[in-house]
Amino acid sequence: MPLLGGVRPPIAALFCLLLAVAAVTVLVLGTTGGQEVPQAAREAEQQIAADAAAATRTAVETDADALRRAANAYSATATTTPAAALKALLPVNHAARGAGLIDPHSGSQLAATGEPLPLAGVDVVAQDRASDGGPIAARLTSTDGAAPRLLLFARITLPTSAAAQDANQDQGQDVKGKVVPQSRWLLVVSETLTVPTVYGDGRTARLVNRDGRVLGSTHAPATTPQAADPGAAPGSKDAALPVDAANAANAASHVTEASGSMLGDRAGNRRTVAGWGSVAPAGGQGDTSELGLTVVTAQRVDVTAADGDHLPFALEAAAVLVVIALLVTALLTLALQRPVVRLHLSASRLARGAHDTPATPAEEDDLWRPVPVPAFGEPARIGRALESLRRQLTGEAAPVPAPARRGLGTRSLVVVCALLLAVWSLPLLFLLNRADAAAVIPRSVLADQQARTQAAADRVRQSLNQRYGDLTTLAQNISGAPVDKDRTPLRRALDAHRQYSSLYVLNRRGAILLRVGDRPLRTITHTPTGNGITTVNTSGRIPAVAAYAQIPVNLANPAAPAVTDDTPVVLFGEIDVHALDRTLSRPSLGKVWLTDQQHKVLAANVGFRAFQALPDSRLTRLAAGTEGAAGTAGAAKAQVLATGAAPLGRSSVASAAPLAQTGPAAGLGWRVVSARPAESLKLAAYQVQWRTMLAGLLAFIVGVACLGWLHILAIRPLRALADLAERLAAGDRRTVLYPVNHDEAGSVTRSLELVRQALAARDRRPGPAPAAPAASVPSAQREPARRT
């Protein structure tokens, strides 16, 4: 019956898998080649375009939401005229180029201001009906000889009246000098479609529509003539970039935040790298879903020299592994597999010869032929025990105790094989083809990290400015109202602005007169002057960033109450720090922190403690290096941080940028700091490093798996079998031997059990043991002698 399992399958599997690892090493390392433009530069340009597209989407949706909130908060009366309503609503949207109120029933324009509304091709009435009472999505329209305009819509609800219900009166017409109230008006605002700011040496950003037409562009200043954009020649790759980007975005129109990268023309040792990002997927819910806009960014980068050919190294490593595989297989075969197979045959021969009456001369010869004893480990112990049992069966010797010293076992053979494999795999895992971050990271990749960090600082600044503007408007609206008693205005504002965690009003002594939302986190209790953004605590679990605005007091109004210590004077809005955390998060930017003037963490896209220091002192020095002269915000910087201590650990590409140069956040001295692991960059040197480590890891896993398999299914059973065989050879006839597996060890166990039964039966039977024949007598002559 053939044996299943045992010592041979692990050895064969180890040899075959090591050959496979050698082949994989040649394939993955031999095919790694340098690129003219690193993949890291293309990925960074793609992410810069995606960041710009996200900024465009946020800007449009923020303006649309602000317009709707203003329209919802406006209280029209029965005597309100369209012109008065338009005049009251227009200041909330400072970017408006033109605005108008439209009758949603007839489509007639009731009032207008600024430039004429470009409503050609836009059916406002149909848009209102199609929205089914929900928000009307923004529309993009073009004008003759002017930049495209973005149209934003909002509804103004009007009070009903008997005149409005009179079917004989035409809607929107004067009745005895008074305007007949409508059920609602449509507010339409026309804005200039702006392209978000981009950073980088000469980088350009274009906003294109579905057809690839450029709707607007912006340029970052170039520090060198080579980085300047000389313009694209007709028919060149650079000229086709907007159309190619629009086609790629249209093909992925239903993918959220779809983006990609492309290559343009090459001029000398520089080549254009472009990225595109879709502003919003088609068919979505936002205001930008039907605009079909795509942001295309481009920059010229230095062409990198191709890396050396890694095929010779791959072939040498594969050849060494093949030699090690042959050596390991030879060791295991000669020192383990063959001795175990011979023990299996010898034990079977003893079991056949242990019968009292041999059936054939060959069976008798099986018992009298010595057992070949291996020279190493457990097979040697088992061989010596089998030879002792053979001599006991033939009466040549009595049971002898097992030797106390057993020498090296077969586990040492496995250890030697593991060391041979470790000699090949561990250097590949930890030593060979290591990439030096300072040498392999191109300047363009470092500049891209800086540009993305500056863009993150812009997002935080815009978010804070928006919160500041909302709070200032709210302070103006509640001026003169009894806010110390009525929470309704604050509750409405808190519901409308989810970025606030709490809103509260302070008196002149700094005490809170009224609040809504969560419990304030502030520990600084003074009443500030003016308007701005600040931190209102210096300790605790969560940093508290707040916007504040003075509540105007109309002193010219004789009916206004006198100003006392309990008069509401300042409105505070604590900004939810989680909203700032989300603002910092962008794909492939790494870890990002917002720090205060002392470089203590206020927000981050990773876990942090309030007001903790940056996790690496080098980041603190980098942030401090961005500080400029007195009265200036400073300039962004980036550098490569070599391998250091935790938590950064490995080499990183780090950058720091000041938060703002103008606006309410300009004087805060805050910084945005980012750090991305250098190993995550898609550079050829790191690809070679990771593939080298992959080859070493595969060899390590194969060695551990196969040698572990061999130890569990062969070495450990052999050790147990050696103990049983020695105990049986020492005279133990009471222990029954049970085979566990159907392999060589199991076969030897079954044969030893037969030998034990034969020896036990002979011990119970009286009479002398059979004498050993002369060594010179052949087996054919021994049988007649025994019969006489």
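**The sheet and the charged pairs**

Modeller: Q639 has A654, in strand β21, as its bridge partner. The model is a predicted one, and what follows should be read as such. The two strands concerned are β20 and β21 (residues 652-658), which run antiparallel and are joined by 5 bridges.

They belong to an open sheet of 5 strands, ordered β19-β18-β22-β21-β20 and paired antiparallel. The edges are β19 (601-604) and β20 (637-641); each has a single partner strand, so one side of each lacks a neighbour in the sheet. From one strand to the next the twist averages 20°. Helix α13 (residues 577-584) packs on this sheet, where it touches β18 (591-595), β19 and β22. The direction of α13 makes about 60° with that of β19.

The way out of the sheet is through β22. The loop between β22 (671-677) and α15 (684-729) holds K682, whose side chain meets that of E43 in a salt bridge with an N to O distance of 3.7 Å. E43 sits in helix α2 (residues 39-73), so this pair links parts of the chain 639 residues apart.

E45 forms a salt bridge with R203, the closest N and O atoms being 2.9 Å apart. Since E45 lies in α2 and R203 in the loop between β7 (184-192) and β8 (204-208), the pair ties together parts 158 residues apart in sequence. Here both ends are buried: the relative accessible area is 1% for E45 and 0% for R203.

R618 and D616 meet through their side chains in a salt bridge, 3.0 Å from N to O, and both residues are buried. There is also a network, in which salt bridges with shared partners join D51, R57, E257, R452 and R586. Side chains of opposite charge can pair when their charged atoms come close. The pairs described here are among the 34 salt bridges that the structure holds.

Definitions and conventions:
Residues are numbered from 1 along each chain as its sequence is written. This is a predicted model: local features need pLDDT of at least 70, side-chain atom pairs count only at pLDDT 80 or more; totals for chains, interfaces and linings use all residues. Side-chain values use heavy atoms; hydrogens and water are left out. A salt bridge is a side-chain nitrogen of Lys or Arg within 4 Å of a carboxyl oxygen of Asp or Glu. Helices (H or I, at least four residues) and strands (E, at least two) are DSSP runs, numbered from the N terminus. Buried means under 20% relative accessible area, exposed over 50%, partly exposed in between (1.4 Å probe, protein chains only). Two strands pair if DSSP finds at least two bridges between them. Axes are lines fitted to C-alpha atoms, for helices over the stretch in contact, and angles run from 0 to 180 degrees between N-to-C directions. Contact means heavy atoms within 4.5 Å.
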